[in-house]
Every structure is written in C-alpha cells, then in structure tokens.
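Let us walk through this model step by step. Have the sequence and the 3D view at hand.

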Amino acid sequence: MALLTVENLRTTFRTDDGPVCAVDGVSLSVAAGQVLGIVGESGCGKSAMSLSIMGLLPDSATVEGSIQLGEHQLVGMPKSELRTLRGSEVAMIFQDPMTSLNPVMTIGWQLEEAVRLHQKVSKREARALAVAGLAAVGIPSPEDRLKTYPHELSGGMRQRVMIAMALLNRPRLLIADEPTTALDVTTQAQILELLRDLRSEVDAAIVLITHDLGVVAEVCDEVAVMYAGRIVERAPVDELFARPQHPYTWGLLASLPGRSRAGERLHQIAGSPPSLMNPPAGCRFAPRCAMAMDVCRADPAPVLASVTGSDTVVACHLDPATRAREGARFASGGESA
Amino acid sequence: MSEPILTATGVTIGFPVKRGIIFQREVARVQAVDGVDLTLHQGETLAIVGESGCGKTTLARGLVRLRDIDAGSIAFMGEDITRHRGRALNDFRRQVTMIFQDPIASLDPRMRIGQSMQEPLDIHSIGTPAERKHKVQEAMERVGLNPEHYNRFPHEFSGGQRQRIGIARAIILEPRVIVCDEPVSALDVSVQAQIVNLLEDLQRDLGLSYIVIAHDLDVVRRLADRVQVMYLGRVVEQGAGEQVYNHPRHPYSKALLSARPIADPKLARSRERIVLHGDVPSPSNPPSGCRFHPRCPVAQASCSAHDPQLEVAADGHGWACTYPLAP
C-alpha cells in the first residue's frame, strides 16, 4: 500500500511573461520503507514537485491534481492544516544546511522548538528527545552539541542536525532535496550510509531528489527520471541501470565521466533543456534526441507505458526492440549487461 | 617527458589568526598549504584533489600569484616568479590564467559579456579596439558560443554557457597554463560532459597545460594525466592517474576513491567500502605525527608520533605513509 500517491500533478507559476508549467502531469507513488529517487537536471521541475508536496510554494503558484498522503489529500488543504502536517507527518531536508538553520539560535533551541511545535511535551522531555535525535544520526556527545551554534559545526554535522530535526516527530514521509550535493565525497558517503540505515529503522517513505545517478544507485529502490516537467521513465533501480529505456536516460548514463574510457570523447547531450515557458510540441526531449522521428515532434506527446516483461514505464515512441538494442549499449557493466 | 613549465617547491601559505578588536595582533598562523612541491609539464593535466579545507584552492591561488606565499618558490619556464611585481608579474599573468568554479560570481552582471571577455586584452593593451573585438569573437566561436551574442548580459545565458564565457576569457590571452578551480562542479551532468570535452579539445588544439582543482574524482580521472592528493595542506600521494586510481598506497586516497558513489546498483552493494568517520581536523591545530592518523582505518600506535614525508619513487608514484597499502 503506497503511503504517498501523486496523480497528474500540475504546478503552474504565474510570471510577468505568462504562466510557466514547471510540473506537467506527474504521477508517482512511494510506500513506507521505500526510497524513491527523482533524477533530472536543473530546471526539470524536481524541486517544484517536492515543494508542491510540502505546500511550500509561493502564492503565485497553482497546484492541480492529487497528492494523497495516507488519509490526507494535500491539494487544496487549508494552510493551517498543512502547517500541522509539515514537520510531523512530512519533513524535508534541504540542500544547504547552513541556510536552513537559524544562525543566531543554538542547535538545541531549534531542535526543541521543532518537538514542542508538534508534541505536547515538557521542556525537559523535548530536550531528551533532541539528545536522542542527535545520537540517532551519529553525532558524538550530543548533549554538549545542544549548546553549539550552526557556524561551529562542519557541513556534514549540520546536515546530520537537519536530518535529526526532520526525524524528531517521526514523519511518515521524508523528502530529501539534494541532501549531499553541498558535501565532500567522504561526508556524502557518511550521510548516504545514514539514510540507508534510517530507512529500515524509522519505516518512513523517502523521496530523494538528486541530479547524481551515483547517489541513486547507492540508496534508491525505485527511480523516476524527469525531463522538462514530465517523468520520462520510471523503473526499479536495478532495471533502470540494467535496461535503461528512454534516450534521455541513456544520455544521462553516458555523460557520467566515470564510465568513459580514456581517449574516448565523453558522450554529451547536444543543446540544453527547453524553456518551460514555451515547451516544444510532442516529446519534449525530441529536439535533443538523436533518434527522434517525425511522430516525436508532433502532439500528442508519448505517454508512460509499461515495458513488457519488467516493471519499467517509459514515455517514448521508439519501438521496444530498438529501445532494448540501443539501451543495452548504455547499461551498466558486469553481470547485469 | 617534456619540459616542466610550472614548478612549485616547498610552497607554504598561511592565514593569520587575529585577536583584539582595535589593535588586532596576529596570535598564530594557520598553515593552509604546508610545503607542497609540484611540477607541471608542457601539455599535461595535473589534478589536485582533496576534501574542502585541504588547501587546494589556496594552493591554486598561490600558483597564479593571486595570494602571496609565505615560503617556497614558484618557477615558470625556469624563471623564479615568486617575488615578481609590476610589469614582470603582469607578463606572468598573461601566460597563466584561471577558470573559476562559479561562472555567475566571476562575471560582472552589469557588463556585457563581450566586454568581460575583452577586459584582459584591455588590461594588457593588446591590439586595436577592432582587433580586440575580433579576437573575442574568435574565442567565442572556439568555445562554442554564438559570436552574435557579444552584446548580451550574463543573466541571459545558462550555467554551461556562462562557464564557456569564463573559458573564453581564460584563453583570450593565449596563455600557456590554465589553472581550473572546480571547472565543472557547478554544472549539470550532461553539461559537465560538454565542458570536459571542450577543455580537452582546447588542450589539444592550443597546446595548453592544465592544473585542475577538483573534488569530483571521476571528472579528474577523465581529465588528468597525473594526480596529487592533498590532506590538511600536504600532498599525501601523487602519481600517474592509473597509479593513484588503480593502486592507491595511501589509506586516505583509497578512502576517497571508495567514497565515490558508483552509478551501478549491483556494484554499489557488493563492493567493500571504507567510510571515514569524523571530519577533517582544523588546520590551526593539526594532529601530531601523521595528520591523517585519527581518521585512518589502518593506523598503528606509532602513527601518532611519526610524521611520514612524501617519498617519490622513480616511476613518479609517491606517498607519505609509514604503513602503505599493498599495491
């Protein structure tokens, strides 16, 4: 049973130059204890989607469709109700822990505030919960840490504090937006390990937003690839790397510098993503796709359809045999190839 | 091997630690870069990798003389440029230019990009105004920008295009060496590939030598002929890319390599991985003995007392470790 079910989500921003549809008909679901990865490049709408789920968008944005979290329908929910859900049922971790922590308040004050906003507990109990929270994310001597200010901590420590804060009220859904992008590789490895451990411990559903396919391979169970506001491919993680179906996914895989051989030119996707103000007709990837056919450049755009013999869904007009043949060239090596 | 073009010997760069509000006095110095040697050969790419705070950016700034160095010397084509000033320094800066990480922060938002790219020519008074404009447009074409966009402003470009502007500005003086500080880390993966290819093309066509500062080990693997791994201001391992990546001898190099996320779920689950615990210690108070020993997975008792020095073998592979890993 899925905990979060998003159906046909459309997020539109009103701008001076006309409406911009940042998320265009996205559907996905994630169950408790599962990690869903959302991959895509800047501007593909992945952050707009997570902010839609959190109800954190400015008033200039309209959200249509359905976001069902357990028994709650989040689209159209009054702000006051959303506010009680945020921080308790749904929590979010942002990319930059420095800008999301209050620089003039101690870590302890901020953690205790988060507890007391959502739970009726005494100051002493809130403090105990804060200490337990810091200990759970592997912060040494948590009691002393309560008195420190964010600037006294390293980037990795700050991100641990953010994760601890997000988990304080035992959320059922955790959205992590690029949680390791601002960190060093060694710290990233620590945080990813922490996320993997937490998934099994807290039994929450995690949506992990990232641009890094390496991070996806490390922690996700399922992956959705987004391009220009739409999901172009959704698959279990092993499937995605073993049998990638969409030409955009191939491009992403082939662009990884770790995959090319020396002397060989790095594969690049020609051009840059389209403007969402005036997206191309038909498949939005068609102008950059080496295999685009006439049908791809005309409406209606291809819709997500399942690939026979797997749990993958893909939105592409190419015939399955071509996709299987071409996709094999971009699959990860080893026994899965 | 070809001629060394840029060499640094025992470069040490410190930052003052100050106390007092009105009468600030220096109470200590933090050694951000501590006795680093480096040699860049004609036409090669040398990468410097390490975590944030290891001193790699400070070293890069020292190499292009954007920062004065406290000790050691830097030589460019055999000439000591450590104390150059005025015209001599300007001449050196024509030959050694820099590409920065954040193309937005390094471009003046109110200056047309043509102007930004032309500025180096103006400063060094090269050519007539018409020639300068022509040179800029040539450079734009070379880096894959449309020369007609000469009069546009930086905000009209995407991240990848802005990085191309930064590259055009770096090659406009026809330098011999470009120091690239995290040239692709602010870019999306598909754009990253475009910039990596562009850097490789320029190197081949213009005979450039690069020093690449990066924390992304996959990008480094791709670009670099040789690699130096830095930890807390010192080089802990150096060698050809193949040596360092396939046969790391220093435990820190091995840990860095194993921390990279692998874009292959099966491999990611099956490989053995060293997760380093704790953070990089503060350079103002480095650990005794080997600076890596508090985080080292294979540290022995003697490591807290003995400070190993970098020893380089005849094949160019060197490491600073008392108990190196098996090759």
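Start with burial in chain B. Buried residues account for 46% of its 327 residues. This is a predicted model. Chain B holds 10 helices and 12 strands. Its radius of gyration is 21 Å, close to the 20 Å from the globule rule for 327 residues, so chain B is as compact as a globular protein of that length. Along the principal axes, the C-alpha atoms of chain B fill a box of roughly 70 × 60 × 45 Å. Now take the contacts in chain B with a separation of 6 or more: 63% of them link residues 24 or more positions apart.

Turn to the sheet in chain A. Here 8 strands form an open, mixed sheet, in the order S6-S7-S8-S3-S9-S10-S12-S11. Strands S6 (90-93) and S11 (305-306) of chain A stand at the edges with a single partner strand each, so one side of each has no neighbour in the sheet. Further in, S10 (residues 230-236) and S12 (residues 313-314) of chain A run antiparallel, joined by 2 bridges. In one of these strands, S12(A), A:Val314 is the bridge partner of A:Glu233.

Finally, look at where the chains meet. Chain A gives 39 residues to the contact and chain B gives 33 residues. On the side of chain A, helices H7, H8, H9, H10 and H11 each supply at least two residues. H8(A) gives the most, with 6 residues. The residues on this side of chain A divide into 13 nonpolar, 18 polar and 8 charged.

Terms used: Residues are numbered from 1 along each chain as its sequence is written. Chains are lettered from A and ligands numbered from 1 in the order in which they are written. This is a predicted model: local features need pLDDT of at least 70, side-chain atom pairs count only at pLDDT 80 or more; totals for chains, interfaces and linings use all residues. Two residues are in contact if their C-beta atoms, placed from the backbone, lie within 7 Å. Helices (H or I, at least four residues) and strands (E, at least two) are DSSP runs, numbered from the N terminus. Ala, Val, Leu, Ile, Met, Phe, Trp, Tyr, Cys and Pro count as nonpolar, Asp, Glu, Lys and Arg as charged, and the others, Gly among them, as polar. The radius of gyration is taken over C-alpha atoms; the globule rule is 2.2 Å times the number of residues to the power 0.38. A residue is buried if 20 or more other C-beta atoms lie within 10 Å of its own, exposed if 12 or fewer, and partly exposed in between; C-beta atoms are placed from the backbone. Two strands pair if DSSP finds at least two bridges between them.
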